[in-house]
Amino acid sequence: MDILFSDGPIVACSTSLASNAAINLVRLSGFRDLGSIGPLLDFDVQNLKPRYAHFARIKNLAGTFIDEVVLTYFPAPKSYTGENILEIAVHGNILNTNEIVELFAALPGFRKALPGEFSYRAFKNKKISLSQIEGLDSLLNAKTKNVMEQGRSLISGELNQAYLNLYENFLEHKACLELSTDFYEDVGEEVANDKLEKSFAALEKNIRFLYSRAADNYQSLKDPSIALIGKPNAGKSSLFNLLLAEDRAIVSDEKGTTRDFLTERIMFGENSFRLIDTAGLRTTENKIERAGIEKSYQVIKNSFFKILLINPFDEHDDFETQLKSLTPDLVLFTHADLKDFSEKQLPFSKMLGSIGPLTISLVDSKKNTNLNKIHSLVIGKYMKLLKNNPILIERQVESIKNIYSKFTAYERVFAKNAHDVGILSSEFNILGKKIAELIGIVSPDDVLHHIFANFCIGK
Amino acid sequence: MKFDLIVVGGGHAGVESVYIASQFPMKIALVTLPNVPIGSAPCNPSIGGVGKGQVVRELDALGGLMPQLADMAGIQYRTLNESKGHAVHSTRVQIDKELYPKLAEQVLTSLPNVTIIREKLNSVTKLENKFNVELASGTMLEAEKIVVTVGTFLNGKLHCGSEVNKGGRVDCDSSLSLQEIFSQVKKRPSRFKTGTPPRISKATINYSELVEQPSDPQTENFHYKNQQGRQIQQVSCYLARTNPETMKVIRDNKEKSPMYNGQIKAVGARYCPSIEDKAYRYPDKDVHHVFIEPEGLNLETMYPSGISSSLPREVQDQYVKSIKGLENCEIKVYGYAVEYDVIDTTDLKQTLEHKEISGLYFAGQVNGTSGYEEAGGQGYVAGANAALSHLKMEPLILSRHESYIGVMVEDLVSNHRDEPYRLFTSRAENRLFIREDNSILRMAKYRKSLGLSGEIDTYQAHFLKQADLLSRHLDGTYINVTDCPYRDIEGVKDIDKQRMTLSELLKQSWLNPVTTLDFILKHYNVYFPANIVKAVAISKKYEGYVNRANEELEKQKKMETTHISWEEICNSSNVSFECKERIKKIRPETFGQLMLIDGIRPATLAVVAGKNL
């Protein structure tokens, strides 16, 4: 987001202009008074009642009729941007809408808004926080349902509340630190110390809670993918096709035909996943192949659900190491239709212990209920992770991790130097900076305001 | 009559201005209202306090007068924040408010280059480079520099119940309005308000109901020469508490309070609420501390801190008598509120000189501050700079990172204040460094820059040398904490390292650096004066934190001290109209000042920082 937007009234069409529609919404923000817009309206702007819909006609400066519209006026500060806003519902023909936008943009001082500028103004005027903007971005541009829901949650839901609480906890503890130095005579030493301890405990609880929701494995939920892993010819591509129920990858008996990896979207219920067929894992002299394998490891690491495929008829000296390094969610034995399958599979099963194993036959896919088992395992893990309300926006995750690490440093100082408020607040300022980064800017005056609002201070 | 400098107003700011200017070769006049004592304490009878004690010690290290007077009139000493770590220790001393102004007048009268004129002032006009001052009697004075320290007297109005009188404080006249005196100076559109509690007869208090707070013999005197003992007899303060009955009386009489019935429109300080504020704003809280402080050894009155009020007399009688221990007390002087004009301090430079009217300086409560110490600190800055400017020397600008006075002056000149300004330690970013114990280490270079050679200057040169010697010794001496005598130091057992320098030892969390260093020096029979041991020991303790803060600061400073041209910013098309308006008012000279302006937009900062004007 460009922070160098200049002030002045702006205008834009806030609905999609990709095709003709019944109605488009043209939005004007930041004008000083309605008088400046009057010349384009066949309507006495003085009669515009805030937050009421009014029927009006738009005309150009020459007085020619342009469109019949509905006006809604939101005077500052009670508007989305915190500035004066006029919303105009116009007929949704692209040409008509563009003409109207141009008309307003040509008014003295007006210009067309840049992308994101309305939200920027809302942010600047403290109508929404930085994390809310990110939520808005998620809501507007989400590709998966859970990211969209996180967006909702950030705008005014639970996550926004969690951040506001963190900010409150921060202010409260900071205020208590200052209270116990500057105003302890007013509130009494005991009360001041008690408040210091309590505010610390509240802050700790909230930071730990947020940190638990910002763990690494949640990142994979943003665009969750299912990775098929295994040696060349283990049957990855066959399973890939089975799951997609279409022939997509080239399946042959020759080892190593899936050089890079293939990706397809797959729906399990209402949730969309990326299904990835990785390159076969093996050592090779071929440069291109090696690059593909390297990439496979990367993709596997970031995957949400990992399926390790084993052909029990192959050599698998490194099976145990693989289990450890790849941490598959599921181990799946292929070639179950071949003779001696059970016998060949036995040694692997013994090694596996508590994980898996599942077996499927690649021949008789239609009747194979094991495919459903894969579905339910994937959905099960997905739902379980979502239940913890993970935080998915990368910047916020990074920020929370930073806060956590500074918090643990502060915690040590708090335990050791509980008596020295000077040292405590010096350390706390470092944590405070990180919290300010997550939430937005925290000014020193915020702290004094908090003290005056919540404590009875007087000499 | 011709002078080099005229100081208008003989309060704490005026006294400090006159005293520092008198140390330079120049002729000074102090013009002050008749019948108002010089350097008097019209409100609480104490000097110092959290954040304020630091100012008084800074004044001492700069060669000011307040710390000397406070010691000579000091009747009860306390160290505030004693258990909160050395960085925030603050001294407060109760003063004999009869003695303090007497001493102030004695000192100023004894200065050969100072003339005291007790007359009301009519007007000040500037003609070319001279100010003409007309007094009420018609006498004309002339001076090159003027320091204005008129306190709450500018158009002052007193409120007690529905009674309203003209005046700057009880039984005193007010001065004319700002416009009448200086037609060129802008005042803030809103007036400020302050208040004071009723005074109680000493003999009518039942002390057995109150908690006694005796003077603390451990607390150090303010003035560097007073290393041992007290100047005069010490007495106690007492702690009382309000109760539900007290608060009920006040709540029942809300419509009689000038502050709540609309009679007073001015803004009071949130940190200094009247008892009405406490009653109405915190309806659930009935118990508030009331510190009963003696006003003097021979004075008949006690000052009940915490119950300032402008309620009618009969209501004051009723609520005061509801407090345990005060049931039979007699009120000698009733509480009142005062409303007064303040100037717009964003019109001042960091020297406290007016930006447009050169040679005119403002200090003290007229600048919208509260507190004797804040007034004294500004008085010093204004007086010293008026003198330096007169002598064509470099101005004295105290950095906010090295002094509380610097914090205050910068806060004042870079922002509008919507309520009276008081110093708190939380206003200082560099709190671990700007402490009471190291005030000489911090201020000596500023004192030296004045080019004076008094007794204090010799003392400070010696102090710095000794402190440096001790400090280098601590850095260079390696010890083993399991050896004698270190193993006997309290808290040493908890250290998980064995070999370290003495400086490192003093940094350990569990140790008291002062007693530890004192113990070690005594063991080896090395003598350093106690104030040097204390300053060095505490400096070592916080060294790491201070260095870290300084590193951050250096980065920031580079940016902040970058000179900017406000004219250029105001001509830029990339800066919003509103920001330009604010910038034009303040006229920031550096990026740091620009950043401190209220309501300045991140976009503007980015434009200026990126030189995209």
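## Strand β9 of chain B

Strand β1 (residues 2-8) of chain B runs parallel to β9(B), and six bridges join the two. Strands here are DSSP runs of E with at least two residues, helices are runs of H or I with at least four, and both are numbered from the N terminus. Two strands pair if DSSP finds at least two bridges between them. The model is predicted: local features need pLDDT of at least 70, side-chain atom pairs count only at pLDDT 80 or more, and totals for chains, interfaces and linings use all residues. Residues are numbered from 1 along each chain as its sequence is written, chains are lettered from A and ligands numbered from 1 in the order in which they are written, and side-chain values use heavy atoms, leaving out hydrogens and water.

Where does B:Phe3 stand in this pairing? It is opposite B:Ala143 in β9(B). B:Ala143 is also the bridge partner of B:Phe131. Strand β8 (residues 130-135) of chain B runs antiparallel to β9(B), with four bridges between them. The hairpin of β8(B) and β9(B) has four residues between the strands, and there B:Gly138 takes a positive phi near 100 degrees.

β9(B) also pairs with strand β20 (residues 360-362) of chain B, in the parallel sense, over three bridges. Here B:Val148 has B:Phe362 as its bridge partner. Strand β9 (residues 140-148) is mostly covered: seven of its nine residues are buried (under 20% relative accessible area, with a 1.4 Å probe and protein chains only).

## A sheet in chain A

Chain A has an open sheet of six strands with mixed pairing, in the order β3-β4-β5-β2-β1-β6. Its edge strands are β3 (53-59) and β6 (111-112), each pairing on one side only. Strand β1 (residues 10-13) of chain A and β6(A) run parallel and share two bridges. A:Ile10 has A:Arg111 as its partner in β6(A).

## The largest cavity

The whole structure holds nine cavities of 30 Å³ or more. A cavity is a set of points, on a 1 Å grid over the protein atoms alone, where a 1.4 Å probe fits but cannot get out; lining residues have an atom within 4 Å of a point. Points are joined across faces, edges and corners, and the volume is the space filled by probe spheres set on them.

The largest cavity has about 760 Å³ of space. Of its 46 lining residues, the closest to the centre are B:Gly151, B:Thr152, B:Phe153, B:Arg169 and B:Gln365. β12(B) gives the largest share of the lining, four residues.

Key
1 Å grid on protein atoms, 1.4 Å probe; cavity = no way out; pocket = protein on both sides within 12 Å on 5 of 7 lines; lining within 4 Å. Buried < 20%, exposed > 50% of the residue type's maximum accessible area, 1.4 Å probe, protein only.
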